[in-house]
Amino acid sequence: MPPKRLWIDGHVHMLRRDVHSGEEMHYTLDDILALLDGSDADVRFVVNDNNPYDVDRFVDDPDYLHTMNERIHRDFVQPSGGRLFGSVQIDPRALKQSHEDLDLYLTERNFVQVGEVEGAPFGFDMDTPEMVELAQHAARLGAPVELHCSTADSPTGDHLRQALNLAAAVPEGNFIIAHAIGGRNSYQYVSAIEQYLKHGPANVYLEIIQFHLRAQVRSAYEHLGPDRLVVGTDWATYHNPPWPAYGAHTTMLMHPDFWKETDLKGFSQWKSEFWFSSMFMLDLRENPWPCAVASWVGFLREAGVTEEDIEKIGSGNAIRLFRLREKGLLP
């Protein structure tokens, strides 16, 4: 039997608290590994915790940053046998603590990424002097910084403006635009980053969150090339197990009735199909596609991506960007 396809998802949250209730959740590493074992691919996760109930503590209790990063290391990354890679949480409001954790987790603990840095959802800009300072620190340690950019809720483009300002200010660093491809702002992001790369450093990468939106994937592929695209599904432990299979539609990860309860910015219905103005399409009769990496690979093919470039997007670019072989995390 041939080996499973290696698939590295660079955007996963091992949240400590339920996003709806704020109550502490009680899942284990075994639950996460069971999810990975159930996939049709050799899936590896890059994980962090940025649940809002705990991040909001940083202003009054900045040392709590250490607690969040240590939980990810102790409970998930360290005992995972190389199936989970760490992403260190930072926050400019906890500047001293962020510098300390960059040194500890990117060197001694062998984490591979910084972020996700959310910015606006937590009340700060991503291109402040403090963020420049932290990004320079991450660059010295060879880790890319993952920056939240609104996929849908902020049509002004200010999130991306801040992200590109930061990237331009730290040309020696690398920056990943989170969930860039697969939402209302996707074409805007592709156009802006194409112009940035023509005139600035080649230090920006884009995550694909919604592979089924083939026109957007094709645009990113044709305008930016395969070397700028990585997997970043924003999969998260939104609630305790049982979880849908990895590869399920993103909206289904929260709970089956998510679409009924969420405060969306408007949606339309045609028979059993719901079209959300943010980024999701959901057919209430069934999951829109089989829950498998093979489905996403098929979407990439339909978007015109070659087999060699599918390998780059699925794992090759992540191996290079996260320095997984240099760090001894992959053979």
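Biologist: What percentage of the 331 residues of the protein chain count as buried?
Modeller: 59%. Buried means under 20% relative accessible area, with a 1.4 Å probe and protein chains only. This is a predicted model: local features need pLDDT of at least 70, side-chain atom pairs count only at pLDDT 80 or more, and totals for chains, interfaces and linings use all residues. Residues are numbered from 1 along each chain as its sequence is written, and side-chain values use heavy atoms, leaving out hydrogens and water.

Biologist: How many helices and strands?
Modeller: 11 helices and 12 strands. These are DSSP runs, H or I of at least four residues for helices and E of at least two for strands, numbered from the N terminus.

Biologist: How do α6 and α7 pack?
Modeller: Helix α6 (residues 158–169) meets helix α7 (residues 186–199) at about 20°, axes 11 Å apart. Axes are lines fitted to C-alpha atoms over the stretch in contact, and angles run from 0 to 180 degrees between N-to-C directions. So α6 is roughly parallel to α7, a term for angles under 35 degrees.

Biologist: Which residues make that contact?
Modeller: Leu160, Leu164, Ala167 and Ala168 of α6, with Tyr189, Ala192, Ile193 and Tyr196 of α7. Contact means heavy atoms within 4.5 Å.

Biologist: Switching to α10. Why is it called largely enclosed?
Modeller: Because 7 of the 10 residues of helix α10 (residues 293–302) are buried. Among them are Trp296, Val297 and Phe299.

Biologist: What covers them?
Modeller: The cover of the buried α10 residues includes β1 (6–13), β2 (42–48), β7 (204–208), α8 (214–224) and α11 (307–321).

Biologist: And what follows α10?
Modeller: Gly304, with a positive phi near 95°.

Note on methods:
Buried < 20%, exposed > 50% of the residue type's maximum accessible area, 1.4 Å probe, protein only. Parallel < 35°, antiparallel > 145°, perpendicular 65-115°, else oblique.
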